[in-house]
Amino acid sequence: MIDFELTDEQRLIHETARDFTDREIVPVARDNDRNERFDTDLVKKLGDMGYLGPIVSEEYGGRGLDYRTYALIVEEIGRGDSSARTVVSVQTSLVCSSIQRWGTEDQKHAWLPRLCSGEVLGCFGLTEPDTGSDAANLRTRAEKTGDGWRISGQKQWISMGNYAKVALIFAQTDPEKKHRGLAAFLVPTESEGFSSSSIHGKLGLRASDTAELQLDGVEVADDALLGDVGDGFKVAMSALDSGRYSVAAGCVGICQGCVDASVAYSKERKQFGRPIASFQLVQEMIADMTVDTEAARVLVWRAGWLKDSGRPSTTETSVAKLFATEAAVRNANLAIQVHGGSGYVDDYPVERYMRDARVTTLYEGTSQIQKLIIGRAMTGVNAMV
Ligand SMILES: Cc1cc2nc3c(=O)[nH]c(=O)nc-3n(C[C@H](O)[C@H](O)[C@H](O)COP(=O)(O)OP(=O)(O)OC[C@H]3O[C@@H](n4cnc5c(N)ncnc54)[C@H](O)[C@@H]3O)c2cc1C
């Protein structure tokens with residue numbers, strides 16, 4: 001049975017994350033968004049707090065926390081700013097958890113302590129210009145050389161790609177083998193032939209770095225391979241299992257932020273001689289937001305509980321990701337409505353919530369892909385292709 005009672009330690013970690021968010025993230029979120037600023041000072045603070053690898057075991061520099069406690073942290077950071085939350089999710093769930101699960105002892109010791117402290121950032125290079133949802137069909141090629149690999153290709157929409165010191169790159173070693181030929185590589189971004197460029201003009205997540213990566217015959221040694229040749233697809237899917245969970249938890253934070261902002265505003269704002277909170281139609285919007293927030297949180301908590309107890313959780317993680325991301329979009333839209341014209345400018349966080357929430361139904365598998373995963377689990381029939 002899922003236990004909803006937080007332990008004393010979880011309560012303390014939650015309160016600390018809430019205070020940190022209110023003190024360090026909320027005050028800078030608007031300016032970072034306006035200036036499209038990837039806030040490296042904030043990244044350092046996230047590292048100092050132990051938020052860049054909380055689920056990594058202490059032996060490798062993490063905090064050894066369980067998934068439910070991780071969600072408490074990610075929810076708070078997501079309430080503050082989804083760009084900061086993206087740093088936590090990519091670093092922890094996509095990069096660190098992959099190395100922890102698939103890495104050799106040497107790889108773990110080489111990368112995890114520096115990633116968890118924030119000394120270096122990592123990025124996750126799966127998507128390509130011609131390959132998004134159909135990730136197994138990627139074109140980046142890895143060819144065997146004497147004692148290593150030569151990698152060539154392009155990656156698109158890669159979060160933190162301009163700042164990362166290590167890129168987890170997925171490449172095809174033998175196109176005839178299709179997804180069984182995929183491999184994952186830990187590529188130092190200072191390698192010759194590796195370059196990145198910024199993608200600008202995003203609707204939201206403006207304080208997050210998003211890059212296009214170019215790999216032109218990048219040479220890496222055999223020990224850059226993460227897992228075995230042929231494991232690449234499994235590495236990517238296991239990373240996304242953790243990443244989707246983190247995105248979902250962040251979206252619970254957006255949902256809660258929308259409720260908090262709307263409740264506060266509706267009690268201050270007066271129309272027709274009384275606070276708008278006293279109108280039933282405004283209360284309906286707040287009630288709808290509250291129900292979505294609580295449902296999303298419970299779904300995240302269930303997926304976390306399954307992960308913590310070592311049970312399969314892929315379908316439940318997709319359920320949580322689908323519901324929480326769509327709920328965040330709905331809530332942000334309603335929160336703008338509660339704020340009236342004031343919701344349309346960045347004096348309040350709700351228009352940023354709307355713009356930031358929008359990407360969450362796209363990345364780490366679109367809502368359509370989550371539905372196909374859930375549908376496949378329910379029917380046993382793969383409708384993906
Ligand atoms: C800001 C941002 C940050 C990102 N960060 C990263 C990152 O760090 N690393 C990384 O690897 N990627 C990253 N991505 C990429 C993201 O994961 C992809 O955009 C996403 O997987 C969708 O791929 P696509 O954009 O190619 O869309 P497409 O796959 O082309 O999909 C377009 C539409 O077709 C639908 N569709 C596709 N296939 C099917 C199907 N079989 N059935 C029904 N509908 C279907 C989709 O649901 C969608 O509605 C990021 C994207 C953004 C915007």
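Me: Strands here are DSSP runs of E with at least two residues, numbered from the N terminus. Where is Arg274 found, then?
Reply: Arg274 is found in strand S10, which covers residues 274–275. Please keep in mind that this is a predicted model.

Me: Is Arg274 buried, partly exposed or exposed, and why?
Reply: Arg274 counts as partly exposed, because its relative accessibility is 43% and that class lies between the 20% limit for buried and the 50% limit for exposed.

Me: Which residues is Arg274 in contact with, leaving aside neighbours within four places in sequence?
Reply: On that basis, Arg274 is in contact with Arg269 and Phe279.

Me: And Phe272, where is its place?
Reply: Phe272 sits in the loop that runs between strand S9 (270–271) and S10. With a relative accessible area of 76%, Phe272 is exposed.

Me: What is the phi of Phe272 near?
Reply: The phi of Phe272 is near 55°, a positive value in a residue other than glycine. Most residues other than glycine have a negative phi.

Me: Which other residue has a positive phi although it is not a glycine?
Reply: Met160 has one, at about 70°. Met160 is found in the loop between S3 and strand S4 (166–172).

Me: Is Met160 buried or exposed?
Reply: Met160 is buried, since its relative accessible area is 0%. Phe272, for its part, is exposed at 76%.

Me: Changing topic to the ligand. Which residues come nearest?
Reply: There are 16 residues around the ligand, and the ones that come nearest are Phe124, Thr127, Ser133, Trp157 and Thr366.

Me: What polar atom of Trp157 is 2.7 Å from the ligand, backbone or side-chain?
Reply: For Trp157 it is a polar backbone atom, 2.7 Å from a nitrogen atom of the ligand. Thr366 uses a polar side-chain atom, which lies 2.7 Å from an oxygen atom of the ligand. Met384 has a polar backbone atom 2.8 Å from a nitrogen atom of the ligand.

Me: How much of the ligand's accessible area does the protein cover?
Reply: On its own the ligand has 980 Å² of accessible area, and the protein covers 67% of that.

Me: Which elements give two or more residues to the shell around the ligand?
Reply: Those elements are strand S3 (148–159) and helix H10 (367–379). The largest share comes from S3, with three residues.

Me: How does the shell around the ligand divide by class?
Reply: The shell has nine nonpolar residues, six polar residues and one charged residue.

Me: Now Thr92. Where is its place?
Reply: Thr92 belongs to helix H4, residues 82–102. Its relative accessibility is 0%, so Thr92 counts as buried.

Me: Which backbone atoms does the side chain of Thr92 reach?
Reply: The side chain of Thr92 reaches the backbone oxygen of Val88 at 2.8 Å. That side chain also reaches the backbone nitrogen of Gly53, at 3.3 Å.

Me: What else does Thr92 touch, not counting residues up to four places away in sequence?
Reply: With those residues set aside, Thr92 touches Tyr51, Leu52, Gly53, Pro54, Ile55, Tyr70 and Ser97.

Me: Is Gly62 buried or exposed, and why?
Reply: Gly62 is buried, because its relative accessible area of 11% falls under the 20% cut-off.

Me: Finally, the chain itself. How many helices and strands are there?
Reply: The chain has 10 helices and 10 strands. Along its principal axes, the C-alpha trace spans about 80 × 45 × 40 Å.

Me: Why does the radius of gyration agree with a compact globule?
Reply: A compact globule of 385 residues would have a radius of gyration near 21 Å, and the chain has 21 Å, so the values agree.

Me: What share of the residues is buried?
Reply: Buried residues make up 55% of the 385 residues in the chain. The accessible surface of the chain comes to about 17,100 Å², and 50% of it belongs to carbon and sulfur atoms.

Me: And what share of contacts joins residues at least 24 apart?
Reply: Among contacts between residues at least 6 apart in sequence, 73% join residues at least 24 apart.

Definitions and conventions
Residues are numbered from 1 along each chain as its sequence is written. Side-chain values use heavy atoms; hydrogens and water are left out. A residue is near a molecule or strand if one of its heavy atoms lies within 4 Å of it. A polar contact is a pair of N or O atoms within 3.5 Å; within protein, one must be able to donate a hydrogen and the other to accept it, and residues adjacent in sequence count only if both atoms are side-chain atoms. Accessible areas come from the Shrake-Rupley method with a 1.4 Å probe; for residues, only the protein chains shown count as cover. Helices (H or I, at least four residues) and strands (E, at least two) are DSSP runs, numbered from the N terminus. Ala, Val, Leu, Ile, Met, Phe, Trp, Tyr, Cys and Pro count as nonpolar, Asp, Glu, Lys and Arg as charged, and the others, Gly among them, as polar. Buried means under 20% relative accessible area, exposed over 50%, partly exposed in between (1.4 Å probe, protein chains only). Contact means heavy atoms within 4.5 Å. The radius of gyration is taken over C-alpha atoms; the globule rule is 2.2 Å times the number of residues to the power 0.38.
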